[in-house]
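Trainee: Can we go through this one together? I have some questions.
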Amino acid sequence: MLQNADIVLDRRTVSISSKRQITIPQKFFAELDFHDRAECILLEDELIIRPANHTDSGEFADLILEDLINEGYSGKALLAEFRKRQSRVRPAVEKMIREADQAAHGEGEFYTFEEVFGEED
């Protein structure tokens with residue numbers, strides 16, 4: 001098990017059956033609270049597998065709905081616009097994560113601490 005101040009990485013190698021099935025190690029299954037469904041996410045050259053009950057863009061639902069109501073949406077138009085805007089949350093967050101990862105590796109566009117918060121006195 002690799003461990004950093006904020007990151008704990010536990011790695012297991014699993015077999016893939018002829019039907020492309022894998023078995024999630026019991027420790028991971030229990031720790032992440034898997035049930036009967038998993039969500040698979042392809043992120044560049046990585047496959048992320050997490051419980052399907054994991055919250056994704058749902059935490060922004062109240063904020064999105066509040067904005068839409070304030071903008072005058074109601075009925076079916078409200079539902080359609082809500083779905084449209086909610087579908088944009090996840091790609092935006094994933095883009096932010098990729099950009100943060102690039103910045104952490106000194107790649108891409110990034111801002112220094114001083115540029116964000118100003119110079120210390």
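Trainee: Where is Glu-81 placed?
Mentor: Glu-81 sits in helix α3; helices are DSSP runs of H or I, at least four residues, numbered from the N terminus. This is a predicted model, where local features need pLDDT of at least 70, side-chain atom pairs count only at pLDDT 80 or more, and totals for chains, interfaces and linings use all residues. Residues are numbered from 1 along each chain as its sequence is written, and side-chain values use heavy atoms, without hydrogens and water.
Trainee: Is Glu-81 buried or exposed?
Mentor: Glu-81 counts as buried, because its relative accessibility is 13% (buried is under 20% relative accessible area, exposed over 50%, partly exposed in between; 1.4 Å probe, protein chains only).
Trainee: What does Glu-81 touch?
Mentor: Leu-68 and Tyr-73, leaving out residues up to four places away in sequence; contact means heavy atoms within 4.5 Å.
Trainee: Which residues make the largest nonpolar core?
Mentor: Ala-61, Ile-64, Leu-68, Leu-78, Phe-82 and Val-89, 6 residues (buried Ala, Val, Leu, Ile, Met, Phe, Trp, Tyr and Cys joined through side-chain atoms within 4.5 Å).
Trainee: New topic. How many aromatic pairs are there?
Mentor: The structure holds 1. Phe-29 and Phe-34 are stacked, 5.6 Å centre to centre with 15° between the planes. Rings of Phe, Tyr and Trp (its six-membered ring) pair if their centres lie within 6.5 Å; planes under 30 degrees apart are stacked, over 60 edge-to-face, the rest tilted.
Trainee: Is Phe-34 buried or exposed?
Mentor: Phe-34 is buried, at 6% relative accessible area, whereas Phe-29 is partly exposed at 31%.

Terms used:
Helices (H or I, at least four residues) and strands (E, at least two) are DSSP runs, numbered from the N terminus.
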